[in-house]
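I begin with charged pairs and then turn to cores, rings and strands.

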Amino acid sequence: MGPMSSLYPLRFEPLFQHYVWGGRRLATMLGKPIGPEADYAESWEVVDHHDGQAVVAFGDQAGRSLGELVRDCGADLFGRDDPQPRFPLLFKFLDANRPLSVQVHPSDEQAARLQPPDLGKTEAWVVIHADAGSALWAGLRRGFDRHALERELARGTAELCLHRIEPRAGDCLFLPAGVVHALGEGIVIAEIQQASNTTFRLFDWNRVDASGQSRELHIQEALEVIDYEYGPVIPRTPQGTDRDFVERLVECDKFVMDRWTFDRPGDAGGDDRFHIMAVLEGSIQVAGDPSDRPLNAGQTVLVPASVGTTSLRPAGRTVLLDMYLPR
């Protein structure tokens with residue numbers, strides 16, 4: 001686009017979510033400016049949803065929400081993918097200081113029937129840190145069907161049905177809508193997902209709060225949307241691309257996620273699509289970023305389609321995720 005384009009690489013104020021399973025690692029590992037509490041669970045980096053709006057932090061658009069940009073600058077933002085009713089992806093970091101509930105997300109078709117309607121939620125995780133011995137659960141073990149799951153739920157031992165993994169930093173797990181999953185304690189992840197906030201809790205490890213109350217479960221809703229055929233989820237095998245420093249982690253009908261590992265300048269974008277870029281290690285300078293400061297580990301930039309090819313200059317070895325819509 002020419003000089004008239006109003007958009008540039010966008011950095012947003014993170015939106016923090018407090019849940020019982022959160023901790024302090026969003027600050028200690030990812031440098032987030034959190035407050036004094038000990039239950040910081042998620043940092044929503046790029047979001048346009050009725051439950052939260054990312055707000056631009058720097059430049060001429062500072063103070064505007066991503067939803068406003070979708071409404072007013074859709075062609076610049078989306079390029080070939082314009083128009084969109086709202087920004088279709090949500091990117092966040094999570095700190096599982098305690099185990100998350102066992103949960104499942106509906107498909108687009110199932111979520112459209114909710115009040116208010118929502119998108120379905122297909123998601124992918126990249127493990128940033130995992131304590132020794134920590135675990136996550138993803139997919140049903142082979143041979144476990146709805147009947148077996150209902151039996152173990154009634155006994156309070158639903159985890160017996162779930163495929164258990166001890167993850168390592170760098171592992172990527174792809175979780176389509178309908179696949180049961182849970183993060184265990186001691187794990188920090190980056191997550192790309194559809195812009196949905198609909199979760200059905202199947203099992204919460206028989207947890208109760210200080211007053212003896214357990215969190216609301218949605219067992220019937222969950223049992224209806226689980227994909228009983230999908231089976232165990234295993235970490236993805238990264239695929240090579242036409243650039244030796246870029247590997248493909250996920251390509252599905254909702255998003256593509258690539259991982260860059262590089263120590264010299266590289267060009268991003270230029271394909272008439274937006275790119276969400278998040279640094280996991282190291283730091284980069286993003287050409288055209290009005291903040292005029294490096295994008296460090298734990299920070300995210302949204303490069304609109306209209307910006308075109310954008311030069312990224314790493315300061316030493318840098319690992320980043322590049323997320324965008326499929327063709």
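I looked up D271 and R273 and found that both are buried, where buried stands for under 20% relative accessible area, exposed for over 50%, and partly exposed for what lies in between, using a 1.4 Å probe and protein chains only. Their side chains meet in a salt bridge with N and O 3.1 Å apart; the term requires a side-chain nitrogen of Lys or Arg within 4 Å of a carboxyl oxygen of Asp or Glu.

I note for the record that this is a predicted model, in which local features need pLDDT of at least 70 and side-chain atom pairs count only at pLDDT 80 or more, while totals for chains, interfaces and linings use all residues. Residues are numbered from 1 along each chain as its sequence is written, and side-chain values use heavy atoms, with hydrogens and water left out.

Entry: other charged pairs. I get a count of 23 salt bridges by this rule. One of them joins E224 to R146, with 3.2 Å between the closest N and O atoms. This pair links distant parts of the chain, since E224 sits in helix α6 (residues 219-225) and R146 in helix α5 (residues 146-155), 78 residues apart; helices here are DSSP runs of H or I with at least four residues, strands are runs of E with at least two, and both are numbered from the N terminus. E224 is exposed at 52% relative accessible area, and R146 is partly exposed at 27%.

I then looked up E247 and R259, whose side chains form a salt bridge at 2.8 Å, N to O. E247 belongs to strand β17 (residues 246-251) and R259 to strand β18 (residues 256-262), so the pair ties together parts 12 residues apart in sequence. E247 is partly exposed, with a relative accessible area of 25%, whereas R259 is buried at 12%. I also recorded a network of salt bridges that links E42, K92 and E191.

Entry: nonpolar cores. Which residues have the most contacts inside the largest nonpolar core? They are L77, F87, F91, M257, I276 and L302, in a core of 45 residues; such a core is a set of buried Ala, Val, Leu, Ile, Met, Phe, Trp, Tyr and Cys residues joined through side-chain atoms within 4.5 Å. Strand β7 (residues 89-96) gives the most to this core, with four residues. A second, separate core has 21 residues, including W137, L202, F203 and A222.

Entry: F91 and the rings. Not counting residues up to four places away in sequence, F91 touches a set of residues that includes W44, V46, E191, I276, L321 and M323, contact being heavy atoms within 4.5 Å. F91 and F93 are both buried. I found 12 aromatic pairs in the whole structure, taking rings of Phe, Tyr and Trp (its six-membered ring) as paired if their centres lie within 6.5 Å, with planes under 30 degrees apart called stacked, over 60 edge-to-face and the rest tilted. The ring centres of F91 and F93 are 5.2 Å apart and the planes stand at 80 degrees, so this pair is edge-to-face. F78, F87 and F274 make up one aromatic cluster.

Entry: a sheet. I traced an open sheet of four strands, ordered β19-β24-β21-β22 with antiparallel pairing, where two strands pair if DSSP finds at least two bridges between them. Its edge strands, each pairing on one side only, are β19 (266-268) and β22 (295-296). Strand β21 (residues 283-286) is joined to the antiparallel β22 by two bridges, and S283 stands opposite N296 in β22.
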